[in-house]
Amino acid sequence: MNRLKTVVASTLLALTTLLAPAAKAQEAIDTVAQIKQAGILKVGMADSVPAQQKNPITGEWEGFNVDMAKNLAEVLEVKLEIVDTTWSTIIPSLVQKQFDIAMVDMFRTPARAVTIDFTDSYMTTGNTWLVGADVDVTDWKQLNDPKYSAVSIAGMAAVAQSDRLLPEAQKKVIVSDNAVAGQLEVAAGRASAHLSDLLQNALFMKANPNAKVKVLGADAPIEATGYSYAVRPGDYHFHAFLNTWIAYATTTGFISSTKLKWYGIE
């Protein structure tokens with residue numbers, strides 16, 4: 001009998017030892033509860049027209065993702081606080097808990113998912129190449145030549161994509177808070193091409209009709225990828241809540257109406 005008691009006690013102790021860390025990990029993170037308790041949703045944003053940008057007159061943030069953030073704060077019944085960041089620092093800042101969520105037009109890529117968790121995609125788009133009007137190519141694959149240079153902005157997925165798609169071309173990476181800095185480099189003749197999503201390139205050309213540039217691949221965007229929001233790993237409740245919110249905002253038409261408002265398309 002004593003031996004049986006000893007075995008049972010040992011088994012219970014082992015189970016407690018195994019389950020305790022898991023229970024502790026689950027209890028350790030509950031961003032939804034923390035946001036509700038603080039009464040503030042902190043959202044990290046980096047400039048990218050018209051997804052999220054600062055109005056030059058008022059200095060206030062506006063754009064597609066700003067409206068999405070406002071809606072999320074309303075659903076949570078808390079105030080919204082937008083934290084200024086840059087494309088090169090937004091992921092480290094999120095990990096360092098400077099804000100609760102990064103809400104920008106960020107591509108959902110495996111490389112980024114090593115460090116952060118992505119929500120379900122709220123929009124899907126693909127990349128196109130913006131090139132100088134005098135660049136004598138009709139297919140973007142012709143840019144894979146040392147005589148051409150591809151410019152990218154540090155911190156953006158296009159840096160790695162440009163390396164992979166055009167391994168033979170010259171590469172130029174610039175650090176800038178201006179989301180259209182790459183397009184401006186091409187328009188100024190300081191680079192041959194810039195890889196960006198079709199929406200951004202189309203909007204740049206619309207806003208700058210006299211720019212000596214053209215778009216390659218608009219009829220067949222490269223590597224269509226989803227835009228998603230980013231959160232810190234391990235917060236399963238917050239992650240599940242955000243996916244439910246995105247699904248609801250989709251079915252109720254809020255995302256499509258907001259997309260039409262800022263991008264001109266549903």
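Predicted model: local features only at pLDDT ≥ 70, side-chain atom pairs only at ≥ 80, totals over all residues.
Residues are numbered from 1 along each chain as its sequence is written, and side-chain values use heavy atoms, without hydrogens and water.

**Exercise 1.** Find which strands pair with strand 1, and in which sense.

Solution. 
1. Strands (E, at least two residues) and helices (H or I, at least four) are DSSP runs, numbered from the N terminus. Two strands pair if DSSP finds at least two bridges between them.
2. Strand 1 (residues 40–45) is joined to strand 4 (residues 79–84) by six bridges, and the two run parallel. Here Lys 42 stands opposite Glu 81.
3. Strand 1 also pairs with strand 5 (residues 101–107), over two bridges and in the parallel sense. Val 43 has Ile 101 of strand 5 as its bridge partner.

**Exercise 2.** Describe the largest cavity and its lining.

Solution. 
1. A cavity is a set of points, on a 1 Å grid over the protein atoms alone, where a 1.4 Å probe fits but cannot get out; lining residues have an atom within 4 Å of a point. A volume is the space filled by probe spheres set on the points, which are joined across faces, edges and corners.
2. The structure has one cavity of 30 Å³ or more. The largest cavity holds about 220 Å³ of space.
3. Its lining has 20 residues, and Asp 105, Phe 107, Met 156, Ser 196 and Asp 197 lie nearest the centre.
4. Strand 5, helix 6 (158–165) and strand 10 (193–197) each give two or more residues to this lining. Strand 10 gives the largest share, four residues.

Methods. 1 Å grid on protein atoms, 1.4 Å probe; cavity = no way out; pocket = protein on both sides within 12 Å on 5 of 7 lines; lining within 4 Å.
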